[in-house]
Amino acid sequence: MSILTLLFYAIALLIVVATAMAVTRRNMVHAVLYLVLSFFGTAMLFYLLGAPFLAALEIIIYAGAIMVLFLFLIMMIRLKTLPGMFFPVGQLLPAILISAGFLVVSSVMVGRNPSGWAPMPAAQASPMAFGVYLFQTHWLAVEIASMLLLVALVGAYILGRRVRGPSADTRKEAP
Amino acid sequence: MIVPLNHILLLSGLLFSLGMFCTLARRNLIMMLLGIEIMLNAAAVGFVGASLHWQQMEGQAIVIFILAVAATEVSIGLAAILVVYRRTDSVDPDMDAALWEKGGSR
């Protein structure tokens with residue numbers, strides 16, 4: 001058992017524990033902070049599995065941008081009364097059953113693959129080789145992804161803009 | 001030598017089921033969106049592991065697109081949650097339909 005193997009199991013434990021804590025927190029800010037910890041663990045895992053560029057992107061985009069967006073929204077809307085943490089038992093039980101069922105089925109399917117039990121040799125894709133590969137093989141998909149991000153920008157602006165005119169705020173002041 | 005592929009896939013499946021539980025069971029729109037993020041991240045872990053197993057960069061390329069889709073989904077989703085919150089003063093997915101119809105309590 002080499003040092004890399006030990007490192008993998010330590011990081012895997014960190015990720016699973018941090019994610020489980022995030023899922024079960026009542027306070028949403030705590031949940032987001034635990035999830036940031038989980039994404040840092042994922043970034044270390046990516047580095048271990050030979051993807052240093054993706055490790056950097058994971059920290060910059062997931063932990064840096066997406067989670068901060070969640071924090072912005074949580075601090076922007078000040079909930080006076082939090083709704084109950086979980087659904088009532090009648091709806092919670094199917095959720096638990098579906099998640100556990102997915103876990104069992106996927107574990108059985110993964111375990112039945114005999115070629116996956118051999119330890120893999122360590123390898124690393126350098127950022128430059130990865131970038132050349134990405135833009136030579138998948139340039140069209142990269143362009144489509146950039147269009148998708150532009151559409152998201154416009155859509156978020158249109159959704160988030162306050163509508164002037166007969167909105168709820170002005171109607172209240174009129175009479 | 002590091003771990004076998006199956007251990008990575010099991011970790012990915014465990015993370016995915018945690019995210020699925022979060023999406024299905026939490027009574028809060030923001031936490032449901034967070035669960036979707038966890039599921040996308042779990043898929044990314046699986047792809048990077050498969051990329052190492054077959055020594056191909058295809059899996060790593062897909063993770064880039066997963067990141068783009070996650071960023072899109074979260075920005076649109078949070079804007080939609082903001083609209084729902086302005087109208088109904090609540091982020092409960094189980095809210096009254098009447099509350100939505102009359103444009104909120106204010």
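Throughout this tour, two residues are in contact when they have heavy atoms within 4.5 Å of each other. The structure is a predicted model, in which local features need pLDDT of at least 70 and side-chain atom pairs count only at pLDDT 80 or more, while totals for chains, interfaces and linings use all residues. Residues are numbered from 1 along each chain as its sequence is written, chains are lettered from A and ligands numbered from 1 in the order in which they are written, and side-chain values use heavy atoms, with hydrogens and water left out.

**Stop 1: a residue in α1 of chain A**

Select A:Thr19, which sits in helix α1 of chain A; helices here are DSSP runs of H or I with at least four residues, strands are runs of E with at least two, and both are numbered from the N terminus. A:Thr19 has a relative accessible area of 1% and is therefore buried, a word that means under 20% relative accessible area, whereas exposed means over 50% and partly exposed lies in between (1.4 Å probe, protein chains only). Which residues is A:Thr19 in contact with, once its neighbours within four places in sequence are left aside? They are A:Leu35 and A:Ser38 from chain A, together with B:Leu15, B:Leu18 and B:Ile38 from chain B.

**Stop 2: where the two chains meet**

Now colour the chains separately and look at the contact between them, which takes 89 residues from chain A and 71 residues from chain B. The two chains bury about 7,400 Å² between them, 76% of it on carbon and sulfur atoms, where buried area is the accessible area (1.4 Å probe) that two parts lose on being put together, summed over both. Select A:Phe70, A:Phe87 and A:Met120, because these supply 10% of the area that chain A buries against chain B, more than any other three residues. On the side of chain A that touches chain B, the largest share, 13 residues, comes from α3(A). By class, that side has 65 nonpolar residues (Ala, Val, Leu, Ile, Met, Phe, Trp, Tyr, Cys and Pro), 7 charged ones (Asp, Glu, Lys and Arg) and 17 polar ones (the others, Gly among them).

**Stop 3: a salt bridge within chain B**

A salt bridge is a side-chain nitrogen of Lys or Arg within 4 Å of a carboxyl oxygen of Asp or Glu, and across the interface of chain A and chain B the rule finds 0 of them. Over all chains the count comes to 1 salt bridge, so select B:Arg27 and B:Asp92, whose closest N and O atoms are 3.1 Å apart. The pair links distant parts of the chain, 65 residues apart, with B:Arg27 in the loop between α1 and α2 of chain B and B:Asp92 in the loop between α3 and α4 of chain B. B:Arg27 counts as buried at 18% relative accessibility, and B:Asp92 is buried as well, at 12%.

**Stop 4: along α3 of chain A and beyond**

Select A:Ile74 in helix α3 of chain A, which counts as buried at 13% relative accessibility. Leaving aside its neighbours within four places in sequence, A:Ile74 is in contact with A:Met28, A:Val29, A:Val32 and B:Ile30. A:Ile74 and A:Val32 are 42 residues apart along the chain, and their C-alpha atoms are separated by 9.7 Å.
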